[in-house]
Amino acid sequence: MTQSPATPLPPPKERRRLREAGSLTQVQVAERVGVTRETVRAWESGRRSPRGRKREAYAKLLDELTPEPEVTVTACQEEEPPPPEPEAPVAPLTPAQAFDALYAFCSPALVRQTYLLTGRRELARESVERAFQLAWQRWPEVAVDRDPAGWVRATAYEYALSPWHRFRPRYRHPEPPPADAVDRALVDVLLKLPPPYRRTLLLYDGVGLDLPETAAETEATTPAAANRLLHAREVIAARLPELSDPVELHRRLASLASTERLRAARPPSVRTGGERKARFWTRAAIAFTVALIGTTALTVRAAPTHYEPPVAPGAEVQGVPPRAAQGSLSDAEVDLRQKLRREAASGPERLVPLSR
């Protein structure tokens, strides 16, 4: 009895490309094939290969995602089809149009993710708008980045997790929690995790990044990111045992983010706000530079041109007799004064004033 050959599968990179082209997440593929998300990740990375019925189901799903090949004209055809009409050249997008497209694609989900990261609705909107304003200021750099959405996401997360927000008056008091008790419990557990662990959990189980991508975005090694993820899952499973399954945790995170009505601002207002802030800080820098130059010039002008030794502090003199009040001369003092007046002209030369 001969065994039928296994169904051929495309390479691992092609499997991932087909899934992304079909707008499917790894969780959705896992549900349709009947495996876990980690198994789908291993199939797409090449570490493992599907077998048996799961291989057949996976191959069938990839075959559905594979686009149909275009029909080519062969020499056996009697008539040649008419030549296709030349397509009108597509005008390239302007920087503003490209920015608006990126904002419209990323901002709704990014606001919800930032809310799960901070538990504050207003801070989530502010963080996303600030990240896109920085992206617009550095658009030549962001436009050619390998992952512009990842650049904006990392910037928004960094701004949202800044410790300086605790000193702002508007963020000193907590915001109202979600209405559902189950959602409140999940938000409470998330906010009690350290920020690096919370961010790692959100990127891996919420956004759906791979472990190396999560480690790169959190600026950590892959083992460190794995330890943070395991610790965060253990804390959540200890508080909420129904979320010990990663698939259920992913579903609950997506459900919690979607229940909150979080809306970002319009793309033109974000671009205008970024340009206004850039102009303000540019003018402030120019004004500060002019003030610094003026202060330096005034200091140089008013500074002494030679060394002036400091005046020695006064010293107390001991033994000085007290000053006597002026009064009438005694007889002896009157005789002495008359004697000095008589002997001034006929006395020694040292007592006679010299005329010059």
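Helix α8 passes helix α10 in a right-handed crossing, the near helix being turned clockwise from the far one by less than a right angle. Before I continue: this is a predicted model, in which local features need pLDDT of at least 70 and side-chain atom pairs count only at pLDDT 80 or more, while totals for chains, interfaces and linings use all residues. Residues are numbered from 1 along each chain as its sequence is written, and side-chain values use heavy atoms, with hydrogens and water left out.

The axes of α8 and α10 (residues 195-207) come within 12 Å and cross at roughly 140°; axes are lines fitted to C-alpha atoms over the stretch in contact, with angles from 0 to 180 degrees between N-to-C directions. R153, A154, Y157 and E158 in α8 meet R199, L202, L203 and V207 in α10, contact meaning heavy atoms within 4.5 Å.

I turn to V152, which belongs to α8, residues 148-160; helices are DSSP runs of H or I, at least four residues, numbered from the N terminus. V152 is buried at a relative accessible area of 1%, the cut-off being under 20% with a 1.4 Å probe, protein chains only. Beyond its neighbours within four places in sequence, V152 is in contact with L102, L110, A131, F132 and A135.

Finally, T118 is found in helix α5, residues 95-118, and is buried, with a relative accessible area of 13%. Leaving aside neighbours within four places in sequence, T118 contacts L123, A160, L191 and R198.

Note on methods:
Helices (H or I, at least four residues) and strands (E, at least two) are DSSP runs, numbered from the N terminus. Buried means under 20% relative accessible area, exposed over 50%, partly exposed in between (1.4 Å probe, protein chains only).
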